[in-house]
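Please look over the sequence and the structure before reading on.

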Amino acid sequence: MTLTQPSESEEWLDELVQRWTEVYKKSMTTLVLLEVVEARGPIAAGLIGSALVESTGWGLTERGLYRTLRRLTAAGLLTASEVAVPRTGAKRKDYELTPLGARYLARIRGELLDR
């Protein structure tokens with residue numbers, strides 16, 4: 001069995017991708033979260049986190065997820081409404097994109113795609 005070593009250009013590409021991910025992951029996480037809420041909202045925070053991991057493979061701590069959701073809600077891009085959980089009656093927050101959030105996401109997509 002012969003193992004092939006990655007070429008120098010493949011190693012360089014791997015390094016570039018890793019650097020990009022380290023720098024831009026936080027910003028991209030915000031966009032992916034908004035896209036998840038847009039596509040599936042109203043949606044519970046736990047499901048947002050699962051969808052993020054499913055679509056990107058990126059992990060996000062629970063603390064980081066809730067901090068980002070609070071920031072996006074405070075900015076007026078998301079709304080949070082309390083919903084009774086079936087069978088338990090406990091409350092959870094479901095998140096939904098606001099009209100401002102939808103316009104923000106559309107503008108960001110336009111900036112990224114028009115370049």
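## Basis

The structure is a predicted model. Two packed helices are described by the angle between their axes and the distance between the axes. The helix sections use both values where they are given.

## Helices H1 and H2

Helix H1 covers residues 8-40, and helix H2 covers residues 45-56. The axes of H1 and H2 come within 10 Å and cross at roughly 115°. Because of that angle, H1 counts as roughly perpendicular to H2. The crossing of the two helices is right-handed.

On the H1 side, the contact is made by Thr29, Val32, Leu33, Val36, Val37 and Arg40. On the H2 side, Ile48, Ala51, Leu52, Glu54, Ser55 and Thr56 take part. Sorted by class, the residues of the contact of H1 with H2 are seven nonpolar, three polar and two charged.

## Helices H2 and H3

In passing H3, H2 makes a right-handed crossing.

From H2, the residues in contact are Ala45, Gly46, Ile48 and Gly49, and they meet Leu65, Tyr66 and Leu69 of H3. This contact has five nonpolar and two polar residues, and no charged residues.

## Helices H1 and H4

Helix H4 is formed by residues 99-113. H1 and H4 pack at an angle of about 125°, and their axes are 11 Å apart. That angle is why H1 is described as oblique to H4. H1 passes H4 in a left-handed crossing.

Leu31, Leu34, Glu35 and Glu38 are the H1 residues in this contact. They meet Tyr104, Leu105, Ile108, Arg109 and Leu112 of H4. The classes here are six nonpolar, no polar and three charged residues.

## The largest pocket

Rolling a probe the size of a water molecule over the atoms shows where empty space is left. The largest pocket holds about 170 Å³ of space. Which residues line the largest pocket? The lining consists of Lys26, Thr29, Leu60, Thr61, Gly64, Arg67, Thr68 and Arg71. H3 gives the most, with four residues.

By class, the lining has one nonpolar, four polar and three charged residues.

## Two points in the loops

The peptide bond that joins Gly41 and Pro42 is cis, with omega at about -5°. Pro42 is placed in the loop between H1 and strand E1, the latter being residues 43-44.

The other point concerns Arg87, whose phi is positive, at about 75°, although this residue is not a glycine. Arg87 is found in the loop between strand E2, residues 78-84, and strand E3, residues 91-97.

Key:
Residues numbered from 1 in each chain as written. Predicted model: local features only at pLDDT ≥ 70, side-chain atom pairs only at ≥ 80, totals over all residues. Heavy atoms only, no water. 1 Å grid on protein atoms, 1.4 Å probe; cavity = no way out; pocket = protein on both sides within 12 Å on 5 of 7 lines; lining within 4 Å. Points joined across faces, edges and corners; volume = space filled by probe spheres on them. Nonpolar A, V, L, I, M, F, W, Y, C, P; charged D, E, K, R; others polar. Axes fitted to C-alpha atoms, helices over the stretch in contact; angles between N-to-C directions. Left-handed = near helix turned anticlockwise from the far one by under 90°. Contact = heavy atoms within 4.5 Å. Parallel < 35°, antiparallel > 145°, perpendicular 65-115°, else oblique.
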